[in-house]
Amino acid sequence: MIAALLLAMAAPAMVIVREEDVKREEAPPHGAIGMSTAYRISDAAPAPRAMEFRKRVLHKGAAIGLHPIRHDEVYYVLSGEGDVTSDGTTRRMGPGMAAYLYKDAVVGIKQVGRKPLTIIISYPNYQQ
């Protein structure tokens, strides 16, 4: 009986998320600089979940403003170009590049160039 109860409380085997189902147009976080298309993929996974996984398209001139992070975080560029900043150091990123950002840094990323900047953002979720 206890085993059956534990199985009933366990997370599902998996959750499949179609990005079109979680798509929305909004200003980027941390400053509302410009506009973006957000795909809050992990929001569709029921709690408890240990990570966040998001896709965001930063439109021309848009940015996720500088903000402190309390966990390690990864920005991975799918397309376009962006300037990523961590603790005052800025580097240009393009497709196939990832920025591993460390806990307690002040970070952000800005779209540059002619094409929108499409990134994947992943970080741990401590709100379980």
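In this predicted model, 11 salt bridges are counted. Side chains of opposite charge can pair when their charged atoms come close. One of these salt bridges joins Glu26 to Arg56, with 3.1 Å between the closest N and O atoms. Glu26 belongs to strand β1 and Arg56 to strand β3, so this pair ties together parts that lie 30 residues apart in sequence. Both partners, Glu26 and Arg56, are buried.

A further salt bridge links Glu20 and Lys23, whose closest N and O atoms are 3.9 Å apart. Here Glu20 is partly exposed, with a relative accessible area of 48%, and Lys23 is also partly exposed, at 37%. Between Arg49 and Asp43 the N to O distance is 3.4 Å. Asp43 is partly exposed, its relative accessible area being 36%. The pair of Arg49 and Asp43 is part of a network of salt bridges that also takes in Arg40, Glu52 and Arg54.

Of its 128 residues, 36% count as buried.

Six of the strands form an open sheet with antiparallel pairing, in the order β1-β2-β3-β10-β5-β8. Its edges are β1, residues 23–26, and β8, residues 98–101, each of which pairs on one side only. On average, neighbouring strands of this sheet are turned by 20 degrees against each other, direction ignored.

Within the sheet, the pairings can be followed from strand to strand. Strand β2, covering residues 36–39, pairs with strand β3, covering residues 51–58, in the antiparallel sense over four bridges. In this pairing Ala38 stands opposite Arg56 of β3. Strand β3 also pairs with β10, again in the antiparallel sense, over eight bridges. There the bridge partner of Arg56 in β10 is Ile119.

In the loop between β1 and β2 lies His30, which has a positive phi of about 65 degrees although it is not a glycine. His30 is partly exposed, with a relative accessible area of 42%. A positive phi is also found at Asp104, which is not a glycine either; here the value is about 75 degrees. Asp104 is located in the loop between β8 and β9, the latter covering residues 106–112. With a relative accessible area of 57%, Asp104 is exposed.

Rolling a probe the size of a water molecule over the atoms shows where empty space is left. The largest pocket holds about 330 Å³ of space. Its lining consists of 19 residues, and Pro29, His30, His67, Glu73 and Tyr123 lie nearest its centre. His30, described above for its positive phi, is therefore one of the residues nearest the centre of this pocket. At least two lining residues come from each of β2, β3, β4 (63–68), β5 (73–79) and β10 (117–124). By class, this lining comprises nine nonpolar, three polar and seven charged residues.

The second largest pocket has a volume of about 200 Å³. It is lined by 13 residues, of which Val15, Ser42, Ala45, Pro46 and Arg49 are the closest to its centre. Arg49 is also the partner of Asp43 in the salt bridge given above. The lining of the second largest pocket has 11 nonpolar residues, one polar residue and one charged residue.

Technical notes
Residues numbered from 1 in each chain as written. Predicted model: local features only at pLDDT ≥ 70, side-chain atom pairs only at ≥ 80, totals over all residues. Heavy atoms only, no water. Pairing = 2+ DSSP bridges. Axes fitted to C-alpha atoms, helices over the stretch in contact; angles between N-to-C directions. Salt bridge = Lys/Arg side-chain N within 4 Å of Asp/Glu carboxyl O. Buried < 20%, exposed > 50% of the residue type's maximum accessible area, 1.4 Å probe, protein only. 1 Å grid on protein atoms, 1.4 Å probe; cavity = no way out; pocket = protein on both sides within 12 Å on 5 of 7 lines; lining within 4 Å. Points joined across faces, edges and corners; volume = space filled by probe spheres on them. Nonpolar A, V, L, I, M, F, W, Y, C, P; charged D, E, K, R; others polar.
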